Each structure stands twice: as structure tokens, then as C-alpha cells.
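I am opening this notebook to record what I looked up in one structure, entry by entry. The coordinates come first, and my notes follow.

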Amino acid sequence: MLPPLARTAFRIHERLLGRRSFAILDELRESAAWPRQRRAELQLERLQAIVAAAYAHTPYWREVIDGCGIRPQGIRSLDDLRRFPLLEKGTLRARRDEMTWRAAGRRLALVRTSGSTNEALQFYTNSDREAQINAARMRGHEWIGIRRGEREMYFWGSPVELSKQDRIKRIRDWLVNDGLTNGFALTPELVARYFDYWMRWRPRCIFGYPNSLRLMTLIGRAQGIDLAALKGRGLKVISTTSEMLTQHDRQLIAGAFGVPVFDSYGLREAGLIGHECALATMHTMDEQLLLETIDPRTLEPVDGEGELVVTNLVGMVMPIIRYRTGDIVTLSDVPCPCGRTLGSLTISGGRVAEFIVTSGGTWIPAYAFIYICRSVPGVVKFQVRQDTPGEIRVLLATDANFPPDGTEQVVQKARQRLQSDDHVTVELVDDIEPAPSGKYRPVVSKVAEDRLKSP
Ligand SMILES: [Zn+2]
């Protein structure tokens, strides 16, 4: 499909779903260059609107706003946001329905997080909220030279998404120039097959998890596959999301494919938060969000590095006000030479290997386990550990919704995915502590770490 036609098809798709994505994109293109003061005025206007709506339409927020003595019309400056208490993930989980304005717009849907945390979370969205996120993502992609409608390969692959690969989805993907390759299980044979497929499909952009792309690079290189040949077939850029992209991985992937690698950062429950420009500054979506950092121990606001707290200014359906993300970042308003006046952030910490290596030699990214554990109700947190080859331990922290055969379900699904004779055990635990960086690690595999050190 020619890009302009695919772009038109996507426009129609969005309109049919009641999403103003392209109108919002036009606004966002302009406001990225606004003087900061003008954007601050927009933020205040939007904050006032969301607080008023939250108060008028949701019992949870009415209780909070009354409880801390804020009058819903009393928001006079952006600093007034600090008078709100922090919103914890646990509260969002426990009181989700009471913080939802079900009649806020069209196509209300309850969805699950698929972000970089392994804490399961469900939240509400609607067509307005999805349109905002889609527009923000389209703008981010334009910064790195990809317009909607150009051929984009999703190196993705939740089992859920793949099972939905029915005819309608295939036709839709074909119409809008989206492709899909499963990045969840990688073997030398699959890497060779994907490479051939990409050479034929000719993506302009490959969009995927850093860990899958890194593995594609390592396995491809070991087999003598020249990934840079994709450049000759039109590849311009690689775009990553969802996991920490370390400088090392960025260089590794960019070196192998011969195109730049840019990152983005979002949390499904909070919105798209940051997207890099062509100068690799991760700009923040300031029209849609108010961002703060706090000390995760004292919960006091900090200037430098701290835990990111997000207020979403455009998601009326489920107002998210001062939400603790658990991610450690540094916010900055140092101007970027690209000319955009948006702020920026850098994400701290980095992750080591997030794979399991099966006894058959297949590398399984952490994401596969996120989807397994999320498909069983009542799993609040999980961690998969592999200390010795052939042994895989799944730790689960569960709540009352966990079914009596939940353990068996997880073992079954893990076996199905692993397709190997590894020994899988499930242990129920009270809690799973985050790593010293503050981040949860869904997979901790000594086996993978050792192999990556000496491949
Ligand atoms: Zn920039």
C-alpha cells in the first residue's frame, strides 16, 4: 500500500472508532514549538477541567478532594497540584471503578497494562483517551522521520495479539501498512526467517522491545546475517519502547542495522510520557501531562533524579492525578537544539539480561512471562528466576481472585510457551521486592546473564 493511501486508511480507521487522532496531531505539531508560558497556560486550563470533572463525576476523587480541603474550583496555579495526595498503584487497582467517569465519552473499555512493570493493572480507557495517545505517538514518530502510513514492522508478539490475527486484523494491518513479527521466542532458525521476511516486506521502521532487537542482533551476527542489508530495502530507523534502552544496546543495535535507534517511554495507565527527537532528547508530552519527581522514601518533591509522578491532563474517563509510576527519572527543561520547547527526561538505571534460556537453546524474553502471568486472574506481582539451566521458578504474589488451580494454569501456560523439557515450579510468596534501582525485574536469569557474557 502506498504511504498516502495507508495514511488515509488509518484516518478512516480512527474516525470509525470515534477518535480525533489526526486533529489532535495537528494541534500537537504546533504546540511543540510554543513558548513555554503558553503551554503552561494550557496545562492549567486542562488541570482545572480534569479536577472539576473528577469531582463532579467520580466518588473516589470527590472523597479525595473534599478530604484534603481543595475546592474543585480552587485550582489557581500548577503548584496547587501539590495539594493532592499521591495516587498509589494499589489504590488504582482497588478503587478503579470509583475513579471512573463511565459516560465521559465513547467506547469505554477496560484494558490491562502491558508496560514495563510486572504488576498487573487494569484501567479504563475510551476513544478520546486512545486518540490522545495515538496522536502523541504519531508526533513522536514524525520527529524521527516516520509518518503514519509508512511501512512499520511491529517486532512484538503478545500471544493475545497474535491470536487476534484474524482476517479483519490482517486486512486492517495491510491497509495501514503495519506488519507483525513475533519477537517473543527467538532461535537461530527464526532469526533467519524473520530477516528474510523483513527483506521482502521492506519496513521503513522496525518498532519493538530493546531486548528482542538486541537478541536479533546477537543471534543474527553469530549466523553471519547482514542486518544492515535492510537499509538497502528502505529501513530508515528503529524505534524502541517499553523496556529500558541502555546506551550499550542502542549502539549494538544501531551498529548492526546501520540505522539510528530511538526510544520512547509510556505507561498504558498514564499515557505516552516521552519520545525521543532525532537528537535523542526524550521530549515529554507536556500538553497531555504534568510531571513531577519525588524522593521515593520521603515522598517529598525533588529537583534532580527521583520517582516520576504523573498527572494526565486529557484522560477524563479515568482521571489520573499524581500517580506514582515507580520509575526513576530526571526531568529537565534545558532547551533542545531541535527547537522544540517541550521538556525532556532521562530514565535512570538499566537492566541486565531479561531472558530465560530453555534447555533447547531458545531465548524467551521477559515479556512472554508477563503475558502468561497476566492471563491468570489474581496475580498481583510475579518474578521468574533461573539460577541453573533446566530449572525455572515462577514466584507469584496473589490476591483473593487467584483461582484454586491458578498454580497449575501458570505451569501449563509456561510449558506451552517454552516448548521444552525445562522443570517449571510455581511458588506463592507474600511480596516481591524491587531491585535496588527501584524497578521490578520480571525475569532474573543467571543462566542468560552468564551466556551473554561469554556467548
Ligand atoms: Zn529535541
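Before using any helix label I note that helices here are DSSP runs of H or I with at least four residues, numbered from the N terminus. I also keep in mind throughout that I am reading a predicted model.

**Entry 1: helix α9**

I looked up α9 and found that this helix has 14 residues and reaches 20 Å from its first C-alpha to its last, which is close to the 20 Å expected at 1.5 Å a residue. Just after α9, I found Arg-202 with a positive phi of about 60°.

**Entry 2: Trp-201**

Is Trp-201 exposed, partly exposed or buried? I counted Trp-201 as partly exposed because it has 16 C-beta neighbours inside 10 Å, whereas a buried residue would need 20 or more and an exposed one 12 or fewer. Leaving aside residues up to four places away in sequence, I found that Trp-201 touches Met-153 and Gly-179. I also looked up Lys-446, which is 245 residues from Trp-201 along the chain, and the C-alpha atoms of the two are separated by 36 Å.

I followed strand β16 (residues 379-386) to strand β17 (residues 391-398), and found the two running antiparallel and joined by 6 bridges. Within this pairing, I noted that Val-379 has Thr-398 in β17 as its bridge partner. The two strands form a hairpin with 4 residues between them, and in the turn I found Gly-390 with a positive phi of about 90°.

On to strand β18 (residues 423-428), which runs parallel to β17 and is joined to it by 6 bridges. Here I found Ile-392 standing opposite Val-424 of β18. From β17 I traced the chain through helix α13 (residues 406-418) to β18, and I recorded this β-α-β crossover as right-handed.

Note on methods. Residues numbered from 1 in each chain as written. Predicted model: local features only at pLDDT ≥ 70, side-chain atom pairs only at ≥ 80, totals over all residues. Pairing = 2+ DSSP bridges. Right-handed = clockwise from strand over helix to strand, strands pointing away. Contact = placed C-beta atoms within 7 Å. Expected span 1.5 Å × (residues − 1).
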